[in-house]
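This report describes a protein chain from its overall dimensions down to single residues. The sequence and the coordinates are shown first.

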Amino acid sequence: MQNKGLIKLFAILFGLVSIYQLSFTFKASQIESEAAQIASSRFDNVEQANAEQIRYLDSLGNEESYNIGVAKFTYNEVKDNAMNLGLDLKGGINVILQISVKDILKGLANNSKDPIFNRALTDADALQQSSQNTYLVSFFNAFDAIKGDKKLASPDIFANRTLSEEVTIDMTDGQVQDVLEAKVDESILAAFEVLRKRIDKFGVTQPNIQRLGNSGRILVELPGAKDVERVKNLLQSTAQLEFWDVYKAEEIAGYILQVNQALVEENASKKTDTTKTETAEPDETSSAIDALTGQISADSTDTDDINPIKLVGFGGGPIVATFEAKDQDEVLAHLNNPRYRSFLPADQRYVKFAWEKQEKNSELINLYAIKGNRDNTPQLSGAVITDARQSFNQRNQPSVSMQMNAKGSRIWEEMTRMAYETQGFIAIVLDDVVYSAPSVTTGPISGGNSEISGSFTVNEAIDLANVLRAGKLPARADIVQADEVGPSLGQEAIDSGTKSFLIALSFVLLWMVFYYGKAGIFADIALLFNILLIFGVLAGLGAVLTLPGIAGIVLTIGISVDANVLIFERIREEIAKGKAIKEAVKDGFSNALSSILDANITTGLTAIILFVFGTGPIKGFATTLLIGIITSLFTAIYITRLLVDYMVEKNVKLDFSTSLTKNLFQNVNIDFLRKRKMSYIISSAVIILSLGSLFTTGLDQGIDFVGGRTYQVRFAQEVSTEEVKTSLNQVFGSAEVKTIGAANQLKISTKFKVDENSAEADEEVQVLLFQGLKQFLPDGISYDDFKEGSGEATIGKMSSSKVSPTIAEDIKSASVWAVLGSLIVVFLYILIRFKRWQFSLGAVAAVFHDVLLVLGIFSLTWKFMPFSMEIDQAFIAAILTVIGYSLNDTVVVFDRIREYINEHTGWEFKKTINASLNATISRTLNTSLTTLVVLLAMFIFGADSLRGLLYALIVGVIVGTYSSLFIATPIMYDTAKRGDAAESLKRKEKEEEVEVV
């Protein structure tokens with residue numbers, strides 16, 4: 001081997017750099033463990049301990065924390081250089097936010113009432129259910145379909161004051177569309193920046209936020225975030241801060257009574273035909289209030305005859321009345337009913353009703369009446385806020401202090417002057433919720449200082465201050481896809497992943513020594529070095545290590561072993577020919593190179609496709625697989641060669657076998673082609689059975705493909721899936737319940753409110769889940785305890801996922817293209833590499849055969865297997881990996897066929913094929929066995945969430961090995977033997993060899 005010195009130098013430097021990169025990971029882990037111990041020693045409360053840990057780590061940010069002699073690093077620098085752990089290993093939350101383009105368009109149109117505009121928005125919503133277009137394109141298509149003579153540049157749509165400088169009434173729709181595209185893009189970019197600022201202040205290590213194309217979607221990954229509910233509130237809050245004057249209770253109470261009386265009469269008219277009684281006049285308000293509240297207190301049951309509006313009691317000051325929180329939607333529907341709003345006097349016709357921020361653990365909520373106006377614009381908005389800080393009010397309660405700019409200060413002074421003179425109140429409203437409505441008792445407030453107080457925790461006040469500083473979102477942000485994993489589940493995943501990885505590695509190391517003797521030790525050294533390089537590269541590139549990523553590394557072990565097996569088997573063949581050891585090593589490495597490159601390139605191509613189309617953890621799987629392929633090639637071709645050459649030069653005896661394996665698979669003479677008809681019959685039968693099952697039973701499609709919400713819940717004892725399902729069906733209508741891992745751990749999926757992405761809908765579904773499971777949980781467990789099970793608790797919600805139907809359609813489409821794309825790429829590569837379509841046809845037929853069989857086996861077995869076999873993104877990753885593995889096997893055989901055609905020109909084509917299959921049988925079985933054992937170790941000892949993926953890979957390895965021997969090569973033979981195709985293959989190979997010479 002040439003340039004040995006250069007290769008040694010590169011290997012040493014590569015290894016040292018990998019160790020250097022990984023040292024930051026170990027140091028960061030050490031510092032964070034110390035921080036956790038310090039925090040837990042100071043606080044028993046989990047929330048306080050988490051906050052203290054974050055505070056302590058923040059304090060170390062710019063302090064020297066790592067000294068390696070030649071360089072010193074702060075904790076922030078250590079953290080930035082450490083390996084990133086994914087959500088499934090560290091816990092936290094990963095969401096895709098959909099910025100509402102519909103809201104942006106409404107804002108640009110000044111909330112136009114134009115019927116064609118609003119119908120186009122509604123039609124665009126419907127189009128989005130089945131379209132891959134952006135919302136903006138759907139809106140343009142919907143508008144074009146119904147516009148008639150109406151233009152986008154109409155004064156009552158986009159040719160308004162807001163867009164006066166960009167849109168004029170003489171512009172065409174195409175020109176306006178260009179303006180709207182730019183404006184929407186600006187708004188989404190603004191939303192991205194607002195979210196980034198909020199996240200930067202949250203205190204999560206290694207956050208990731210990125211915009212996903214032009215779809216209006218933003219990916220946010222916060223590994224290590226412990227309070228996921230807090231994160232979701234932080235991300236979804238639009239931060240629409242407004243200051244409004246409010247009506248006093250006595251000014252609006254009469255309207256409440258009138259609405260209640262009208263409801264009483266309507267209910268009575270449904271029962272009898274009696275004449276209506278008159279409604280309460282304003283001057284009768286006090287006596288009517290006394291009468292109604294007296295009736296409520298005398299009779300604890302609110303009936304339609306007495307209190308249909310479900311009033312709990314009237315308030316005072318700015319609080320109009322109190323209701324039960326569960327009735328708030330119904331109450332607002334009554335109060336905003338146009339029939340009843342006609343009762344309002346002219347000066348109150350623009351009144352807006354808003355609820356107060358509900359106190360924790362309270363079932364009641366207060367109602368406010370805001371003095372609205374025709375344009376529904378507040379006197380003062382959050383745009384004037386220049387700074388916001390968490391503080392404490394006079395009663396030592398957490399609050400938020402704000403500072404306004406000059407314009408805001410003038411308006412605020414005028415508002416407080418009027419409130420002081422009229423003894424009125426000013427409501428501070430955030431996202432349509434009244435946080436406080438203080439009175440002004442000391443005169444006008446100058447200087448632009450104000451304060452928001454309410455039933456805050458310190459964290460809520462901190463978050464609100466951060467949100468106000470970052471600014472408001474230009475539109476609503478809905479979570480359309482989310483994954484939440486608790487740190488306890490993440491730690492379990494790390495433990496199980498490490499255990500399975502070490503078991504798999506130990507077997508491979510021992511097997512290589514058992515099978516190849518001293519040469520196996522060199523392969524083991526190369527393998528260990530390969531693993532070091534993989535982790536080093538991952539850390540150096542800032543890539544994220546996920547649980548499927550660990551599976552990818554374990555699979556890489558099999559790939560690395562395969563390269564060494566190919567080399568050692570070729571060396572054994574050369575030794576068997578009587579060559580000296582030095583020459584045999586040289587020729588063995590040389591002859592194996594072509595097969596190694598072809599096999600790894602085909603696997604690499606499918607991994608690239610997986611990387612392009614995959615998301616989240618699946619992208620992590622593809623990343624580690626790609627890195628592993630590259631490092632495996634380097635270590636097998638160069639590191640193993642350096643070690644073997646060194647021993648050969650030292651005249652150390654190398655047999656590349658042991659006494660037990662010396663003659664294993666030697667002189668094998670199986671007539672594979674003679675058995676091809678039987679294999680065709682067997683495969684056809686299994687494929688027909690698979691297709692039948694796929695069309696009848698189908699597959700267990702996960703939420704990635706159908707949408708919905710999934711929760712992983714752990715109980716204190718074993719539970720019956722049927723009993724749990726029966727209970728949940730009563731609250732959800734329908735739910736899927738499966739055991740995942742131990743019998744006390746369930747995976748629960750529901751499509752209840754699948755089309756609603758609001759935070760309120762998410763909370764409602766989670767509350768219903770708790771109610772449905774309450775009878776199976778320990779006595780005394782609260783809802784907060786249950787949902788925080790994803791934190792330090794050992795029971796309750798451990799993780800959850802959500803996928804909206806729109807996202808599910810996108811995932812399904814991307815998955816189909818990924819599989820089809822891989823088949824096309826494979827066909828083209830083999831066509832280019834082997835120059836004949838017969839090879840491509842055989843390879844693609846084998847791959848298609850393998851995919852069908854894996855799908856069929858999943859369809860036949862998913863109903864009774866004791867683990868989840870949902871078809872999700874992980875399954876697609878498995879399918880693409882199976883494609884790569886199957887090709888790996890097939891290409892090695894094809895490469896040997898091409899070699900034998902050149903070597904043995906006098907052989908019959910059939911003999912050439914059989915000889916090639918027999919010559920590679922040792923490598924085929926050896927690689928398959930080691931890969932299977934590696935996968936089985938992961939399957940048995942690894943995380944429960946990976947079992948479906950690993951089961952698909954195990955089935956794929958088995959059918960892939962079978963198809964390379966009995967499908968791919970026989971099909972190539974049957975198509976090539978017709979006419980003069982076989983001779984043509986031989987002539988082609990001879991011509992190429994002459995050209996090379």
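## Overall architecture

The model is predicted. Its secondary structure comprises 32 helices and 23 strands. Along the principal axes, the C-alpha atoms occupy a box of roughly 115 × 65 × 65 Å. The chain has 997 residues, of which 54% count as buried. Among contacts with a separation of 6 or more, 73% join residues 24 or more positions apart.

In soluble globular proteins, nonpolar side chains tend to be buried together. The largest nonpolar core of this chain has 139 residues, and the members that touch the most others are Met512, Ile557, Phe568, Ile830, Val854, Phe875 and Ile883. Helix H28, spanning residues 873–903, makes the greatest contribution to this core, with 17 residues.

With residues up to four places away in sequence not counted, methionine 512 touches Gly517, Gly520, Ala523, Asp524, Val561, Asn564, Val565 and Phe568.

| Helix pair | Residues | Packing angle | Axis separation |
|---|---|---|---|
| H18 and H30 | 547–576 and 921–941 | about 160° | 9 Å |
| H5 and H8 | 101–108 and 173–200 | about 120° | 10 Å |

How are H18 and H30 oriented, roughly parallel or roughly antiparallel? Because angles over 145 degrees count as roughly antiparallel, the angle of about 160° makes H18 roughly antiparallel to H30. The crossing of H18 with H30 is right-handed. On the H18 side, the contact is made by Ile550, Ala551, Val554, Leu555, Ile557, Gly558, Val561, Asp562, Val565, Leu566 and Glu569. H30 contributes Ser922, Arg923, Asn926, Thr927, Thr930, Thr931, Val934, Leu935 and Met938. By class, the residues of this contact are 11 nonpolar, six polar and three charged.

The angle between H5 and H8 makes H5 oblique to H8. Their crossing is right-handed. Val101, Ile104, Leu105 and Leu108 of H5 meet Leu180, Lys183, Val184, Ser187 and Ile188 of H8. Seven nonpolar residues, one polar residue and one charged residue make up the contact of H5 with H8.

## Buried polar and charged residues

Glutamate 569 belongs to helix H18. Is glutamate 569 buried or exposed? Its relative accessibility is 7%, so glutamate 569 counts as buried. Beyond its neighbours within four places in sequence, glutamate 569 is in contact with Tyr515, Tyr516, Ser922, Arg923 and Asn926. The C-alpha atom of glutamate 569 is separated by 73 Å from that of isoleucine 385, 184 residues apart along the chain.

Glutamine 766 is located in helix H24, residues 759–773. With a relative accessibility of 3%, glutamine 766 counts as buried. Its contacts, leaving out residues up to four places away in sequence, are Glu229, Tyr711, Tyr783, Phe786, Lys787 and Lys797. Helix H9, residues 228–236, is mostly covered, with eight of its nine residues buried. Glu229 is among the buried residues of H9, together with Val228, Arg230, Val231, Lys232, Leu234, Leu235 and Gln236.

## Loop residues

Most residues other than glycine have a negative phi. Aspartate 431, although not a glycine, has a positive phi of about 50°. Aspartate 431 sits in the loop between strand E15 (425–430) and strand E16 (433–436), and is partly exposed at 24% relative accessibility. Phenylalanine 656 likewise has a positive phi, of about 55°. Its loop runs between helix H20 (616–649) and helix H21 (676–696). Phenylalanine 656 has a relative accessible area of 1% and is buried.

Alanine 742 lies in the loop between strand E21 (736–739) and strand E22 (745–750). A relative accessible area of 42% makes alanine 742 partly exposed. Between the C-alpha atoms of alanine 742 and arginine 714, 28 residues apart along the chain, the separation is 9.1 Å.

Key: Residues are numbered from 1 along each chain as its sequence is written. This is a predicted model: local features need pLDDT of at least 70, side-chain atom pairs count only at pLDDT 80 or more; totals for chains, interfaces and linings use all residues. Side-chain values use heavy atoms; hydrogens and water are left out. Axes are lines fitted to C-alpha atoms, for helices over the stretch in contact, and angles run from 0 to 180 degrees between N-to-C directions. Helices (H or I, at least four residues) and strands (E, at least two) are DSSP runs, numbered from the N terminus. Angles under 35 degrees count as roughly parallel, over 145 as roughly antiparallel, 65 to 115 as roughly perpendicular and the rest as oblique. A crossing is left-handed if the near helix is turned anticlockwise from the far one by less than a right angle, and right-handed if clockwise. Contact means heavy atoms within 4.5 Å. Ala, Val, Leu, Ile, Met, Phe, Trp, Tyr, Cys and Pro count as nonpolar, Asp, Glu, Lys and Arg as charged, and the others, Gly among them, as polar. Buried means under 20% relative accessible area, exposed over 50%, partly exposed in between (1.4 Å probe, protein chains only). A nonpolar core is a set of buried Ala, Val, Leu, Ile, Met, Phe, Trp, Tyr and Cys residues joined through side-chain atoms within 4.5 Å.
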